[in-house]
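Biologist: I have the model open. Can you take me through some side-chain contacts and the helix packing?

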Amino acid sequence: MKILCDTVQAILLEEANIQPVSTPVTICGDIHGQFWDLFELLRKGSSVPETSFSSSYLSSTFLQGNHESRQITQVYGFYDKCQQKYGNAAVWKACCYVFDYLNLAAVCCWLIIASQIIDGETLCVHGGLSPDICTLDQIRMLSRAQEIPHEGTFCSMPSLSPPLPP
């Protein structure tokens, strides 16, 4: 598992904070680890590579969300499952280290969801944007290789739920 996590981390390290996504794309929101929901999304969406999949958990672009933090993985049982299955926290720590390198955003052409830019026109994020972020370059400059902080510009992207439009 450590080798797998190290390999994924190395791949993510090479990606930008804002990952471009080409259409056609299938975008889905949080599935919160529900395997059968994921399976159904894959069944109903076109097969890869006919479409890109984008979600906070599965995609050709992985986005960092609030569930990819050490605190939330402990609250919702990932830590306990790793302890139970592997007898220690090494796998949990390796996975959390990978989570620190997930993309913050993506860009697309027609839909705002999950922090991505698809075909260069639409920004998608998991949580929301801090009022301090006014340009994409500010997102590009953030250091994402860290645990999600409790305050500051970076903490809003994976964690905040943006307000619904009026």
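Biologist: Tyr101 first: buried or exposed?
Modeller: This is a predicted model, and in it Tyr101 counts as buried, at 11% relative accessibility.

Biologist: And how is the ring of Tyr101 placed against that of Tyr97?
Modeller: The pair is edge-to-face, because the planes are at 70°, with the ring centres 5.3 Å apart. Tyr97 is partly exposed, with a relative accessible area of 38%.

Biologist: How many aromatic pairs are there in the whole structure?
Modeller: A search finds 3. One of them is Phe78 with Phe99, whose centres are 6.3 Å apart. Their planes are at 45°, so this pair is tilted.

Biologist: Which helices do Phe78 and Phe99 lie in?
Modeller: Phe78 is in helix H4 (residues 78-86) and Phe99 in helix H5, so the pair ties together parts 21 residues apart in sequence. Phe78 is partly exposed, at a relative accessible area of 30%.

Biologist: Staying with H5, how do the axes of H1 and H5 cross?
Modeller: The axes of H1 (residues 2-14) and H5 (residues 90-99) come within 9 Å and cross at roughly 10°. That makes H1 roughly parallel to H5.

Biologist: Which residues make the contact?
Modeller: On H1, Cys5, Val8, Gln9 and Leu12; on H5, Ala94, Cys95, Tyr97 and Val98. They divide into 7 nonpolar, 1 polar and no charged.

Biologist: Switching to charges. How many salt bridges does the structure hold?
Modeller: There are 4. Among them is Lys2 with Asp6, with the closest N and O atoms 3.0 Å apart. Lys2 and Asp6 are 4 residues apart in helix H1, so about one helical turn separates them. Lys2 counts as exposed at 54% relative accessibility, while Asp6 is partly exposed at 34%.

Biologist: What does Glu147 form a salt bridge with?
Modeller: With Arg70, where the closest N and O atoms are 2.5 Å apart. The pair links distant parts of the chain, 77 residues apart: Glu147 sits in the loop between helix H6 (136-140) and helix H7 (153-159), and Arg70 in helix H3 (residues 70-75). Glu147 is partly exposed at 25% relative accessibility, and Arg70 is partly exposed at 25%.

Biologist: And Asp137 with Arg140, how far apart are they in helix H6?
Modeller: They are 3 residues apart, so about one helical turn lies between them. Their side chains meet in a salt bridge at 3.0 Å, N to O. Asp137 counts as partly exposed at 48% relative accessibility, and Arg140 is partly exposed at 45%.

Biologist: Which residues do shared partners join into one network?
Modeller: Arg70, Asp100 and Glu147, through salt bridges that share partners.

Definitions and conventions: Residues numbered from 1 in each chain as written. Predicted model: local features only at pLDDT ≥ 70, side-chain atom pairs only at ≥ 80, totals over all residues. Heavy atoms only, no water. Axes fitted to C-alpha atoms, helices over the stretch in contact; angles between N-to-C directions. Helix = DSSP H or I, 4+ residues; strand = E, 2+ residues; numbered from the N terminus. Parallel < 35°, antiparallel > 145°, perpendicular 65-115°, else oblique. Contact = heavy atoms within 4.5 Å. Nonpolar A, V, L, I, M, F, W, Y, C, P; charged D, E, K, R; others polar. Phe/Tyr/Trp six-rings, centres within 6.5 Å; stacked < 30°, edge-to-face > 60°. Buried < 20%, exposed > 50% of the residue type's maximum accessible area, 1.4 Å probe, protein only.
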